[in-house]
Each structure stands twice: as C-alpha cells, then as structure tokens.
Amino acid sequence: MTGNRVAIEIDHVCKRFGAGEQAVLALDHIALDIRENEFFTLLGPSGCGKTTLLRMIAGFEDVSAGDIRLYGASLTGKLPFQRPVNTVFQSYALFPHLTVEENIAFGLEMRGFKPTDIKPIVAEKLELVKLSGFARRRPHQLSGGQQQRVALARALAPSPRVLLLDESLSALDLKLRKEMQVELKRLQRETGITFVFVTHDQEEALTMSDRIAVMSAGKLQQVGSPEDIYDRPANRFVADFIGETSFLQGQVAEGQLQFGAAGSLSCQVLDQSHDGAAALAVRPERLQLSVSGSGLAGVVAEVVYRGVDTVYLVQLADGQPCRVRHTNDSGASRLARVGDAVRVAALPGAFHRLQEAGHDA
Amino acid sequence: MTLDPYRRTRRRLLLAPTTLTLLLFMVLPMLLMGWMSLLAPDTYGGVRWKEWSLDAYVQFLYERDLDDSLTLNSDYLQIFGRSFLLAGFATVVTLLIGFPTALYIALKEEKTRQRLILLISIPFWTNLLVRTYAWMLLLRNGGLIDSSLSALGLSQGTLDVLYTPTAVAIGFVYSFLPFMVLPIYTSLEKMDWRLVEAAFDLGANRWLALRRVILPLAMPGIVAGCLLVFIPAIGSYFIPELLGGGKSLMIGNLIQNQFGTARNWPFGAALSFMLLALVLLVMWIYTRRFQRPPGE
C-alpha cells in the first residue's frame with residue numbers, strides 16, 4: 001500500500017528562534033523522507049519541535065537552514081496558499097460565520113472551482129466523514145467530534161497531495177479519540193493521500209502510523225515502523241518515551257546477562273556484539289514473575305492493579321528496580337504481595353541493548 | 001422564567017437606579033418634547049400649553065403664504081439631506097481610514113498595541129471645542145495650511161476652505177475617527193487569527209482572506225463604529241457652527257435656532273423627533289443588513 005516514491009523530503013532543516021546569543025535552535029538538522037501514501041507520524045513531547053516542523057511544511061514558519069521539497073520541488077519561498085498541502089488544525093479553526101458546507105467549499109472556491117463542480121465534491125466529502133445531514137449547520141452547533149470531521153472534510157476537499165494533522169485528536173475525550181483513530185486510518189486508506197500526523201500520544205502514534213519519527217529537543221531520535229520503534233528503540237529517550245520500560249545495568253559475558261547479587265539470565269540479548277557492561281532496556285510485559293522458580297532474585301516493592309493487568313515493581317537483589325507486567329487473564333488472585341521475595345524470568349529477546357550515550361543519534 | 005418573590009424583589013431593587021435614570025432623563029424629556037411639538041409657539045419662546053397644533057410638522061414641508069395657502073418648501077429637507085450626506089461621508093471616510101488602522105494595531109505585539117491605542121485616545125484629553133477652534137486656525141485663509149501651501153507654491157490665491165461643507169467634513173473625520181477605530185480594533189483584537197491561517201492554508205491569498213474571513217468576523221465592530229460615527233455626526237451642532245460658519249446649516253444648528261433666535265420651540269421639538277426617526281431608520285436598515293453571525 002505504501003509507495004516508494006518520496007512525497008516530502010526534509011533536507012537538513014533547522015529552525016532558529018531569536019538572534020545572536022539568545023538564539024534557540026528549535027529544530028536541529030532534521031533530515032527525513034516521507035513517502036507517498038503513507039501515514040507518517042511526528043511523535044515527541046511538547047516543545048520537541050514537531051509542530052514547528054509541520055508548520056514549516058504548511059508554510060507558516062520560515063526555514064532557517066536546509067530545504068523542504070514536495071515531489072522534488074522546493075517549497076522555499078512559497079506562501080501557504082501556493083502549496084498543495086492542507087492542514088487540520090489542533091483547534092479545528094472552522095469559520096464560525098459559515099455553515100458546514102460553506103466551510104468545506106471554502107478551499108475549492110479559493111482554488112477557483114466552479115460552483116457546479118463544488119457541490120458534488122462537498123456532498124462527497126460530507127458523506128466520507130459521515131455528516132451528510134449536517135450541511136446547513138454552523139460549527140458551534142456541532143459536537144467536538146463532529147467539528148473534527150468537518151475540519152477533516154474541509155482539508156480533504158481540495159484534494160491536497162499531503163494532509164497535515166496538528167494534534168488533531170487531542171481535544172477529544174478518550175472514547176471518541178479511539179473512534180477517530182480508526183476513522184483517520186480509514187480515510188487515509190480510502191483517499192490514498194499522504195498523511196503527516198503530529199502527536200505527543202505514543203499510543204496514538206503506534207496505532208495509526210505506517211512510520212513514526214520520534215523527536216526530542218529539536219533533534220530526530222529515530223525513524224521507523226511502529227514495531228521498530230517499540231522493539232528496537234535507538235536510544236534511551238525512545239525506549240523511555242514509547243511504552244513502559246525498565247532500564248537496567250548489566251554485564252554481558254559468555255551469552256549470559258549478569259546482574260550482580262540478583263543472579264544471571266541466559267536469555268539472549270539482541271545485541272551481543274561485545275562483552276562487558278551493557279545498558280539494557282526491557283519491557284515489563286516481557287518479564288515474568290514467580291514466587292518459586294528460576295530467574296533474578298528480588299523483593300516486591302509495589303503492586304499496581306490496572307484491570308487488564310497488574311504491574312509489580314520489583315527491587316532486584318543488586319538494588320536495581322524493574323517493572324514486571326502480569327496479565328490478569330485467569331482472574332486469579334495476585335501473584336505476590338508487597339514484601340514477598342520473588343523471581344523474575346525473561347522471555348527470549350526481552351532485553352534490548354541500548355547504544356552508549358556517546359553513540360546516540 | 002419564574003422567580004420566587006424574594007429574588008424578584010431583589011432584581012427590581014438592583015434595576016431601580018437604571019430604570020429611574022432612564023425614566024427621568026430619557027423617557028420624560030422625550031415625552032415632554034413630543035408634547036411640545038404638538039403645541040403652538042408662544043410669542044417670546046416657549047409654548048402655549050393649552051393650544052394644540054400640528055403646524056410644527058406642516059412647517060417642515062410647507063410654507064404658509066399670507067393668504068393661508070400652503071406651498072411646498074424644500075429648505076428644511078435640503079438641510080436634512082445635507083446633514084445626511086455629510087454624516088454619511090464622514091462615516092465612509094473614517095471607515096476607510098479606521099479599518100486599516102485598527103487592523104494594523106491588532107497585528108502588533110501586545111505592548112505596541114497598548115501604546116498605539118493610547119495614542120488614538122490622546123485627543124480625548126483635550127476638549128473637542130478647543131480642538132475645533134484649532135482647526136479654524138489651521139484652515140483659515142492665512143492660517144498654517146494656507147500659508148504653507150502658498151509658500152511651497154502649491155496654491156494660487158487663498159485656500160477658501162473654512163466656512164464650507166469641506167471644512168465641516170474635515171472636522172467630522174478628525175473628531176470621529178477614534179470612534180471608528182476603537183470598536184473595530186476591539187473586534188479584531190479578540191479575533192482568532194488561526195482562522196486566517198486556515199484561510200491561507202485553504203488557498204486564500206491575502207485579499208481573499210481579508211474579504212472572506214477577517215471582514216465578516218470584524219462586522220460587529222464595523223457596524224458599531226459606523227453607528228458611533230454616523231449618529232453623533234448627523235446631529236452635531238458646534239462643528240458645523242464653527243467650521244461651517246453657519247453657512248452650511250445642519251440639523252443640529254437648525255434645532256438650536258428654533259429654541260434660540262427663531263423662538264419656535266414646537267418646530268425645534270418636531271425637528272428633533274424627525275432626526276430621531278431618521279437615525280432609528282438608518283440603524284434599523286443597517287443592523288438588518290449586517291446581522292451578526294449567529295453564535296457569535
């Protein structure tokens with residue numbers, strides 16, 4: 001489904017705010033390619049520069065250095081209304097003085113479509129977002145989710161080559177957000193338009209994206225598929241930001257992972273290229289807790305019941321804390337209580353060896 | 001909505017000062033004026049309280065000849081027409097200057113905006129009468145503008161602008177410009193500029209974004225500004241008196257004359273009522289034409 005053609009080429013883009021000594025580098029040499037027809041997500045905590053990058057593609061921010069190309073053609077110097085991209089704004093930014101259909105028709109009118117051509121497109125987009133009965137309403141008469149759909153229809157109406165979505169779901173409540181996630185994915189499939197989605201919600205990113213770019217403090221941390229990002233985080237930041245992670249210091253020797261007083265595990269580490277001290281990341285769901293059995297020795301420090309699962313915070317015998325997730329599938333009582341001595345075993349390949357700080361991307 | 005007796009009493013008490021003020025200083029004088037306009041004038045000003053007459057309204061359109069026959073007289077209609085045109089002209093010109101000014105201010109940073117708004121309101125610190133006299137000094141023959149123009153060789157002879165409708169128009173635009181800028185600025189200042197970004201994003205150039213998004217959303221401010229300029233301008237008294245030199249009479253001067261030298265109070269009262277009717281008509285048409293978007 002994902003083509004190999006590059007839709008957007010972000011070529012070592014920098015963004016400087018302010019000048020001279022006080023200049024802040026909001027984007028630091030970002031280089032990435034967004035492919036045609038893919039659902040691409042820019043993910044990062046607030047202030048990481050993801051929205052700035054999106055606004056640069058839309059044309060609302062200048063590029064301080066580097067270049068952004070759309071199908072090979074540089075966008076530098078092109079004003080927002082000269083770019084074949086449309087944005088779904090975080091606040092929706094629906095025109096309050098226009099009806100739903102007038103909002104959707106706006107972009108078509110601006111691009112010089114004839115009224116007779118506009119009507120069927122508007123009707124089609126209304127159907128696409130399942131709002132056919134709402135054409136004559138005004139934005140303030142709609143719920144948040146409906147406004148969101150109008151914003152989508154409005155941005156899709158002029159058939160942009162790329163659709164930019166700026167934290168577009170963050171204003172919705174959880175249940176609606178989940179619905180809209182599925183909806184967005186469907187729209188992207190049906191329209192075949194390249195979606196660039198900005199979010200700080202890692203779960204949202206994993207659910208919807210074909211590929212994700214993780215950003216932090218103006219730097220690109222990792223680009224890859226959701227599986228790449230989750231299973232093979234490039235560095236500590238990515239491992240920490242995406243999902244739950246315990247970070248452990250261990251020794252790799254003869255195919256064994258040693259944790260001092262806690263004992264050792266024979267499980268495979270993904271990267272065994274060299275022996276010695278290793279910074280390790282491990283997901284709580286890839287560890288197993290038992291009262292009597294093999295594994296690292298530790299004591300339960302805390303138990304957090306979460307319905308679907310229970311998370312045990314275990315203090316290992318060598319002093320390092322680690323989290324273990326246990327799915328509550330059997331409905332049985334808790335495996336252990338606070339203060340119980342337990343063993344922590346690991347699934348094959350559970351431990352991911354992180355690059356040393358100096359090798360971070 | 002039903003209210004319990006206690007809350008109803010409280011509400012009436014809270015509204016009492018406003019109600020009383022409006023009754024005493026607006027409704028009562030208006031009733032008095034309406035009554036007066038239907039009475040006959042007394043010889044030395046004032047009215048004959050017991051003598052009903054429609055003459056004041058007849059006089060507006062007709063002249064009573066010596067043989068008591070009525071002939072049409074358009075003098076007063078012309079004065080109304082001139083007032084309407086001058087006030088309308090002032091409204092259009094202040095709008096053309098005021099809207100870009102307000103937009104310019106609204107697009108500045110917070111601090112600069114406050115400074116600029118202060119500059120706009122500085123003229124209010126001096127009495128308008130004094131400022132109008134200053135305009136007389138500027139506009140008169142041999143005044144600053146006249147002498148500068150001849151010194152630069154840009155004019156032959158005298159300027160001859162003081163005591164003309166042009167001078168009155170200049171005075172109107174100068175005096176009422178802040179009343180246009182401030183309401184428009186207020187509506188632009190609270191506007192969501194992300195909507196303009198959305199318009200750009202959807203392919204609107206600057207002109208289209210202005211026409212299709214900014215102007216409609218600023219409409220409440222524009223309507224308010226136009227009414228705030230038009231209404232005081234059409235009834236204004238001393239600007240045409242001083243700058244027009246009593247030669248280009250406006251409604252305000254005409255009314256003043258009736259209560260002063262002409263000693264025809266009923267006619268003055270009738271004129272006031274017709275001015276009120278004219279203003280209400282304009283307001284009605286205007287607000288109907290430019291209704292606020294619902295939900296604003």
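Modeller: Helices and strands here are DSSP runs, numbered from the N terminus: a helix is H or I over at least four residues, a strand is E over at least two. One caution before we start: this is a predicted model, so local features need pLDDT of at least 70 and side-chain atom pairs count only at pLDDT 80 or more, while totals for chains, interfaces and linings use all residues. Residues are numbered from 1 along each chain as its sequence is written, and chains are lettered from A and ligands numbered from 1 in the order in which they are written.

Let's begin with the outline. Chain A carries eight helices and 20 strands, and its C-alpha atoms fill a box of roughly 75 × 50 × 40 Å along the principal axes. As for confidence, pLDDT is the predictor's own score for each residue, from 0 to 100. Chain A averages 88, with 94% of its residues at 70 or above.

Next, the domains, whose bounds come from an automatic or database assignment. Chain A is split into domain 1 (6-238) and domain 2 (245-359). Their C-alpha centres sit 39 Å apart. Where they touch, five residues of domain 1 meet five of domain 2. On the domain 1 side of chain A, those residues are two nonpolar, one polar and two charged. For those classes, Ala, Val, Leu, Ile, Met, Phe, Trp, Tyr, Cys and Pro are nonpolar, Asp, Glu, Lys and Arg are charged, and the rest, Gly among them, are polar.

Now for the inside. A residue is buried if 20 or more other C-beta atoms, placed from the backbone, lie within 10 Å of its own, exposed if there are 12 or fewer, and partly exposed in between. By that rule, 42% of the 361 residues of chain A are buried. A nonpolar core joins buried Ala, Val, Leu, Ile, Met, Phe, Trp, Tyr and Cys residues through C-beta atoms within 7 Å. The largest such core holds 157 residues, and Ile57(A) and Val196(A) have the most contacts within it. Helix H7 (residues 165-189) of chain B is its biggest contributor, giving 14 residues. Both domain 1 and domain 2 of chain A supply at least three residues each. Setting aside neighbours within four places in sequence, the contacts of Val196(A) include Ile34(A), Phe40(A), Leu42(A) and Ile57(A).

Two loop residues also deserve a look. Lys130(A) lies between helix H3 (115-128) and helix H4 (144-156) of chain A. Its phi is near 60°, a positive value in a residue other than glycine. Lys130(A) counts as exposed because it has 12 C-beta neighbours inside 10 Å. Ala217(A) lies in the loop between strand S9 (211-216) and strand S10 (219-224) of chain A. Ala217(A), another non-glycine residue with a positive phi, has a value near 50°. With 14 C-beta neighbours inside 10 Å, Ala217(A) is therefore partly exposed.

Lastly, the partner: 19 residues of chain A are in contact with 18 of chain B. On the chain B side, helix H8 (194-201) and helix H9 (206-234) are the elements that give two or more residues.

Definitions and conventions: Two residues are in contact if their C-beta atoms, placed from the backbone, lie within 7 Å.
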